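Student: Could we go through this structure together, a piece at a time? I'd like the terms spelled out as we go.

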Amino acid sequence: GAAGPPGADSAPVLSVWHCGAVLVMSAHSSLGAAYGTAKSGTGIAAMSVMRPELIMKSIIPVVMAGIIAIYGLVVAVLIANSIQERMLLFKSFLHLGAGLSVGLSGLAAGFAIGIVGDAGVRGTAQQPRLFVGMILILIFAEVLGLYGLIVALILSTK
């Protein structure tokens, strides 16, 4: 029989490896969300000793960190549903790029949300006027993860 292009035998193996790597990279969004939740949660716990009436108002950073994990989940589900037995190496590299995009941006956004949330809720307990500034900074941190999601969606649907 006619031989295929060089490396044709390794393409399915590399495709499967890349898809696995994509799912691991998408899980980095959850890692960022976990850090953001833990860091903000410790700030909420410390703040609630002085001002327990602000607990529900201060839960916003934790919710925003949780949304970051959803971004990674969406991309992981999209990519997992598009895995085929014989996939082009090009497609698997697109999926890898999508996983890197959502995973690393989610990790960075989660870290930013955690740090800002921790300092923000502690500061808001002492000076309530800081609340609006904290929310604005949290939104900017959340958008970093959203940018990664948008790039991942574009890459995974090509």
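Tutor: Let us begin with accessibility: buried means under 20% relative accessible area, exposed means over 50%, and partly exposed lies in between, with a 1.4 Å probe and protein chains only. This is a predicted model, in which local features need pLDDT of at least 70 and side-chain atom pairs count only at pLDDT 80 or more, while totals for chains, interfaces and linings use all residues. Residues are numbered from 1 along each chain as its sequence is written, and side-chain values use heavy atoms, with hydrogens and water left out.

Student: OK, is arginine 51 buried, exposed or partly exposed?

Tutor: Arginine 51 counts as partly exposed, at 24% relative accessibility. Its side chain meets that of glutamate 53 in a salt bridge, with 2.7 Å from N to O, the term standing for a side-chain nitrogen of Lys or Arg within 4 Å of a carboxyl oxygen of Asp or Glu. Glutamate 53 is exposed, with a relative accessible area of 54%.

Student: How many salt bridges does the structure hold?

Tutor: The structure holds three.

Student: Switching to packing, how are α2 and α4 arranged?

Tutor: Helix α2 (residues 60–81) and helix α4 (residues 130–156) pack at an angle of about 0 degrees, with their axes 10 Å apart. The axes are lines fitted to C-alpha atoms over the stretch in contact, and angles run from 0 to 180 degrees between N-to-C directions. The two helices are therefore roughly parallel to each other, a label for angles under 35 degrees.

Student: Which residues meet there?

Tutor: Among them are Ile60, Met64, Tyr71 and Ile79 in α2, and Phe131, Glu142, Gly145 and Ser156 in α4, where contact means heavy atoms within 4.5 Å. The residues of this contact divide into 19 nonpolar, two polar and one charged, with Ala, Val, Leu, Ile, Met, Phe, Trp, Tyr, Cys and Pro counted as nonpolar, Asp, Glu, Lys and Arg as charged, and the others, Gly among them, as polar.

Student: Last one: where does serine 58 lie, and what does it touch?

Tutor: Serine 58 lies in the loop between α1 and α2, and is buried, with a relative accessible area of 3%. Not counting residues up to four places away in sequence, serine 58 touches Ile44, Met47 and Val121.

Note on methods. Helices (H or I, at least four residues) and strands (E, at least two) are DSSP runs, numbered from the N terminus. Angles under 35 degrees count as roughly parallel, over 145 as roughly antiparallel, 65 to 115 as roughly perpendicular and the rest as oblique.
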